[in-house]
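Let's take a friendly walk through a protein model, one feature at a time. Have the picture open beside you as you read.

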Amino acid sequence: MTAATPENLPDRGALEGADQALGRGDAQSGDARQPPDIAAGQVSFMQDGTARPIWGKTWVRVLLGLSCLVLLLGLGAQVAYVERDRIAAMEPATKPWLESLCEMQGCTVSPIQRIESIVIESSSFNKLRGDVYRLNFAVRSTASIEVGLPAVELALTDSQDQVLTRRVFLGPELGAKTTVLAPGAEWQVSWGVSVKGAGITDHISGYRILAFYP
């Protein structure tokens with residue numbers, strides 16, 4: 001083996017030059033491996049900040065506005081259909097419009113029913129002759145709006161307060177000319193009643209009268 005001598009060692013300047021050349025080669029290789037720089041605007045999935053959103057387009061806004069209007073009209077018509085009786089009672093001016101709506105829907109506008117607002121002010125039941133009696137009563141409405149005219153049930157009782165017979169009278173049967181009671185209005189009736197049934201008249205000792213909606 002030959003020992004290293006100063007004469008056999010490489011020149012320091014040559015070594016430094018080789019290192020620099022190797023470094024430049026690595027750098028050039030690294031630059032070659034780097035991907036090209038792609039501008040953000042060239043990426044298809046990135047939104048262009050200068051593009052106008054579709055919701056900001058005039059025709060889209062007009063279409064949305066018309067859709068909302070149609071939905072509101074449909075909702076209003078549904079509420080009017082369900083609450084037609086109440087609306088007509090509270091706002092009588094809307095009754096013709098509601099009746100026109102019902103012509104298309106096959107419904108009717110009826111007087112609102114509030115039995116809690118119907119009060120029987122007075123009543124009497126007197127025998128005239130044989131099986132003929134006279135029924136008198138007065139019904140008053142305490143409601144602040146028009147309410148439907150109620151029906152009336154007359155029950156005849158014996159001395160034990162047991163019902164012998166009963167009968168229901170509707171407004172037209174008692175001579176009523178209207179189907180509604182105005183706010184605070186009173187309906188007065190005086191009507192002849194014929195009581196049929198074997199032996200019933202002999203046991204009549206009392207009566208009860210009730211206003212209700214059929």
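This is a predicted model: local features need pLDDT of at least 70, side-chain atom pairs count only at pLDDT 80 or more; totals for chains, interfaces and linings use all residues.

Strand β4 runs through residues 151-157, and its antiparallel pairing with β5 spans six bridges. Which residue of β5 is the bridge partner of Thr 157? The partner is Val 163.

## The disulfide

Next, find the cysteines. A disulfide is a covalent bond between the sulfur atoms of two cysteines. How many disulfides does the structure hold? There is one, and it links Cys 102 with Cys 107, with an S to S distance of 2.1 Å.

The angle about the S-S bond is -95°, and the link between Cys 102 and Cys 107 is left-handed.

## Buried or exposed?

Are Cys 102 and Cys 107 buried or exposed? Both Cys 102 and Cys 107 are buried.

Cys 68 is another cysteine to find in the model, and its relative accessible area is 46%. Because buried means under 20% and exposed means over 50%, Cys 68 with its 46% counts as partly exposed.

How values were computed: Residues are numbered from 1 along each chain as its sequence is written. Side-chain values use heavy atoms; hydrogens and water are left out. A disulfide is a pair of cysteine sulfur atoms within 2.5 Å. Buried means under 20% relative accessible area, exposed over 50%, partly exposed in between (1.4 Å probe, protein chains only). Two strands pair if DSSP finds at least two bridges between them. Helices (H or I, at least four residues) and strands (E, at least two) are DSSP runs, numbered from the N terminus.
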